[in-house]
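Q: Could you take me through the pockets, with a close look at what lines them?

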Amino acid sequence: MGMRRKIGSLLLRPETGAFISALAVVTAFSSLSPYFLTPLTILGILTIASELGIVTVGVALLMISGEFNLAVSSIYCLSPIVLTALVNDGVNAALAALIGLLVAAAVGYAEGLIVVKTRVHSFIVSLGFMMFLRGVDLTITGGVPLDYYGPESLLYVFNGRLLGNARTSLLWLIGVIAFFTVILHATKYGNWCFATGGNPTVAREMGVRTDRVKVINFIISSVLAGLAGYLSLSRISVVDPTLGYGLELESIAAAVIGGCSLFGGFGSMIGASLGALIIAMTRVG
C-alpha cells in the first residue's frame, strides 16, 4: 500500500510527464538517426535548451502565480541591444550588462503594475508590451543587426567554451533552475506563488500580498529573458532586432509540457526546464 502511494505521488508530480516525454523523444530521434546522440548534437541541444530554459523558468514562475508575460521575446532582444549599444559607445561592459537587466526589470515592473492596478488580463497587457518593445528594438538598431565590439571576457562569462566544448550557458541554466527550485519549494515566497495562482481570493484572506507576488514575478520573468538574451549575444557576437520572434509561445509551451497549469497554482522549475529540453531536442531532431 505504501509503495502504491509513493508511485501515485510520483506520477502526480508536474515534472514526471515531461521526463517520460523527454525519454520518448530521445528514443524516437535516436532510432531515426545515428547522429542524434553524438556529442556535437547533444551540445547543440543543450545550447538551445539553456537559452530557452532560462526564459521558461521565469515564464513558469509567473504562470504558477496565475499570469502570462508575452513580452519576454522582445526583452530577450532588448537587453542585449542595450548592452551592445552601451559597450560600443565605451561604457564599461559589466555596467552595461547591469543596465540591460535593469531595463528588463523596469519593463517587468511596468507590466505587473498595469496588470494589478487595472485588472486587465496579463495576456493583453504583455501582448501590447511585446509589440511596443519590438518597435523599440527596431528603432535602436535601425532595423539592422548590431555587432558587439566589447571585451571578449564578457562573452565568455555568459556563453564561453568549457571542457569538452560545453558552454557556460549550461551552468547558468543549472544555477537558475536550482535557485528558483529552492525559492519555489523551500520558502514562504514559493508558497505564496502557488497560493496566488491557485486561489487568489483565499490567498488574500490569509494575508498573502498577491499583487506584490505577481509584480515581483513579472520582474523575474523579464530579467531572466534579458539574461537569456545575453547568452544568445555571447554565442554569436551580434544581436538582430528580430531575435526572439516566437519565443513567447515556445516558453509557454515548454512550461506547459513541463507540467505547469495554464490556470495557475501548479508547476515546477525542473519540469519547465525539461519542457525546454524537449522543444530543443525536437527542433534539432
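A: Happy to. On a 1 Å grid over the protein atoms alone, a pocket is an open set of points where a 1.4 Å probe fits, with protein on both sides within 12 Å along at least five of seven lines, and lining residues have an atom within 4 Å of a point. Grid points are joined across faces, edges and corners, and a volume is the space filled by probe spheres set on the points. This is a predicted model, in which local features need pLDDT of at least 70 and side-chain atom pairs count only at pLDDT 80 or more, while totals for chains, interfaces and linings use all residues. Residues are numbered from 1 along each chain as its sequence is written, and side-chain values use heavy atoms, with hydrogens and water left out.

The largest pocket has a volume of about 200 Å³. Its lining is made of 15 residues, and Leu-43, Gly-44, Thr-47, Arg-161 and Arg-167 lie nearest the centre. Helix 3 (39-64) and helix 8 (168-186) each supply at least two of the lining residues; helices here are DSSP runs of H or I, at least four residues, numbered from the N terminus. Helix 3 gives the largest share, eight residues. By class, the lining has six nonpolar, five polar and four charged residues (Ala, Val, Leu, Ile, Met, Phe, Trp, Tyr, Cys and Pro count as nonpolar, Asp, Glu, Lys and Arg as charged, and the others, Gly among them, as polar).

Now to the second largest pocket, with a volume of about 170 Å³. Among its 13 lining residues, Glu-51, Tyr-76, Leu-247, Glu-250 and Arg-283 lie nearest the centre. Helix 3 supplies the largest share of this lining, three residues.
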